[in-house]
Amino acid sequence: MADIEYFNRFYESFKDQYNIFFVYILQAHSNDWKVGKFSHIHQPTNLVDRQKLALKFREDFKLSVPIYIDDMSNTFNTTFGTWPHRSYVIDQSRNLVYIEKVIAIDYKTITTKLIEFLTEN
């Protein structure tokens with residue numbers, strides 16, 4: 001099973017109970033940002049280009065989860081310290097009730113931790 005498929009399955013299992021989504025932030029593997037594998041992708045300088053990359057990510061990885069796009073000031077990323085992957089749970093009262101303590105780089109680990117939290121609370 002492809003790694004992202006764990007998150008797709010998580011989404012399908014819990015989407016009726018929770019508002020689950022991705023937030024697309026800075027392009028981590030751009031050719032002008034020296035992190036991880038380098039690619040031919042440039043860091044977007046406008047929201048339209050960031051949106052195109054987010055949609056390409058969704059298509060390339062066959063992601064079924066909705067995607068929101070961080071603004072060009074990177075407000076979400078700066079506020080929540082999301083890089084490289086981070087998961088949060090916000091309750092119905094808009095309280096942040098879960099922050100992934102281990103920065104996992106695989107979706108199997110991420111979804112396992114989220115399922116544990118959601119089924120215990």
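**Salt bridges**

I count a salt bridge when a side-chain nitrogen of Lys or Arg lies within 4 Å of a carboxyl oxygen of Asp or Glu. This is a predicted model, where local features need pLDDT of at least 70, side-chain atom pairs count only at pLDDT 80 or more, and totals for chains, interfaces and linings use all residues. Residues are numbered from 1 along each chain as its sequence is written, and side-chain values use heavy atoms, with hydrogens and water left out.

I then checked where the pair sits. Asp60 and Lys56 are 4 residues apart in helix α2 (residues 47-60), so about one helical turn separates them. I take helices (H or I, at least four residues) and strands (E, at least two) as DSSP runs, numbered from the N terminus.

Next I noted accessibility. Buried means under 20% relative accessible area, exposed means over 50%, and partly exposed lies in between (1.4 Å probe, protein chains only). Asp60 is partly exposed at 43%. Lys56 is also partly exposed, at 40%.

How many salt bridges does the rule give? I get a count of 2. Lys15 and Glu12 also meet through their side chains in a salt bridge, at 3.0 Å from N to O. Lys15 is partly exposed, with 35% relative accessibility. Glu12 is partly exposed too, at 42%.

**Positive phi**

I turned to the backbone. Most residues other than glycine have a negative phi. Asn74 is not a glycine, yet its phi is positive, about 60 degrees. I find Asn74 in the loop between β2 (67-69) and α3 (75-80). Is Asn74 buried or exposed? Asn74 is buried, because its relative accessible area is 14%.

Arg94 also has a positive phi, of about 70 degrees, and is not a glycine. I place Arg94 in the loop between β3 (88-90) and β4. Arg94 counts as exposed, at 75% relative accessibility.

**Nonpolar patch**

Which residues make the nonpolar surface patch? I find Ile90, Leu96 and Ile99, with an area of about 250 Å². Patch residues have over 30% relative accessible area and no salt bridge; like charges are joined within 9 Å, nonpolar side chains (Val, Leu, Ile, Met, Phe, Trp, Tyr) within 5 Å. Accessible areas come from the Shrake-Rupley method with a 1.4 Å probe, and for residues only the protein chains shown count as cover.

Ile99 lies in strand β4 (residues 96-99). Ile99 is partly exposed, with a relative accessible area of 37%.
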